Amino acid sequence: SSPILLGFIGISSGFWFAFHQLFDLLPNFVDDWTDSSILLGQIGGLFGNQGWIEEAARGVNIPQEKLLNINALMIMFTMFIFAWLSSRVSTLVSTILGMAIASLALISFVYTANVYVILAGVVAFTVGEMLASPKRMEYMASLAPPGKRALYLGYANMPDGLGWVLG
């Protein structure tokens with residue numbers, strides 16, 4: 001019944017709708033439209049792996065799951081940095097900034113299938129995700145009237161579910 005709560009759930013549902021597309025649709029896009037053989041050849045040259053260079057010359061692509069795992073690797077190895085950074089600003093600022101960065105990254109996928117743009121988009125999306133996602137619980141708790149904190153924390157998962165269903 002709170003307009004602020006309903007607004008937050010609505011806006012967050014839109015964000016989570018887009019969020020799930022990174023994992024549901026982007027892999028298909030990368031498989032079907034992205035030529036990553038150029039990157040495979042460059043990595044092969046950098047590490048002196050002649051097999052990768054030959055595969056790249058034949059047009060073999062890097063599997064999409066290896067490209068998109070940058071998201072998981074960044075979260076595992078840099079989340080503590082972004083947690084510290086987001087602790088320096090208000091919860092709402094961190095959430096809005098994170099959602100904006102992640103949304104712009106998702107929009108970048110619409111304009112090109114270039115492997116470097118895809119990788120940069122995944123990196124930017126991950127930064128936005130790390131700024132926004134953990135702070136939503138804190139923000140929901142701050143919206144809760146006295147005695148309703150647990151109820152509001154339950155509502156914090158509603159946008160994720162709605163976004164996934166819509167996606």
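This tour visits a pair of helices and then a group of aromatic rings. Keep in mind throughout that the structure on your screen is a predicted model.

Begin by selecting residues 37-47, which form helix α3, together with residues 50-57, which form helix α4. If you follow the axes of these two helices, you will find that they come within 7 Å of each other and cross at roughly 160 degrees. Since an angle over 145 degrees counts as roughly antiparallel, α3 and α4 are therefore described as roughly antiparallel to each other. The crossing in which α3 passes α4 is left-handed.

Next, show the side chains where the two helices meet. On the α3 side, select Ser37, Leu40, Gly41, Ile43, Gly44 and Gly45, and on the α4 side select Trp52, Ile53, Glu55 and Ala56, which they contact. Sorted by class, this contact of α3 with α4 is made up of five nonpolar residues, four polar residues and one charged residue.

Now turn to the aromatic rings, of which a search of the whole structure finds seven pairs. For one of them, select phenylalanine 19 and phenylalanine 125, whose ring centres are 5.4 Å apart and whose planes stand at 35 degrees, so the pair is tilted. Phenylalanine 19 belongs to helix α1 (residues 3-24) and phenylalanine 125 to helix α8 (residues 115-132), so this pair ties together parts that are 106 residues apart in sequence. Are these two phenylalanines buried or exposed? Both phenylalanine 19 and phenylalanine 125 are buried.

Conventions: Residues are numbered from 1 along each chain as its sequence is written. This is a predicted model: local features need pLDDT of at least 70, side-chain atom pairs count only at pLDDT 80 or more; totals for chains, interfaces and linings use all residues. Side-chain values use heavy atoms; hydrogens and water are left out. Axes are lines fitted to C-alpha atoms, for helices over the stretch in contact, and angles run from 0 to 180 degrees between N-to-C directions. Helices (H or I, at least four residues) and strands (E, at least two) are DSSP runs, numbered from the N terminus. Angles under 35 degrees count as roughly parallel, over 145 as roughly antiparallel, 65 to 115 as roughly perpendicular and the rest as oblique. A crossing is left-handed if the near helix is turned anticlockwise from the far one by less than a right angle, and right-handed if clockwise. Contact means heavy atoms within 4.5 Å. Ala, Val, Leu, Ile, Met, Phe, Trp, Tyr, Cys and Pro count as nonpolar, Asp, Glu, Lys and Arg as charged, and the others, Gly among them, as polar. Rings of Phe, Tyr and Trp (its six-membered ring) pair if their centres lie within 6.5 Å; planes under 30 degrees apart count as stacked, over 60 as edge-to-face and the rest as tilted. Buried means under 20% relative accessible area, exposed over 50%, partly exposed in between (1.4 Å probe, protein chains only).
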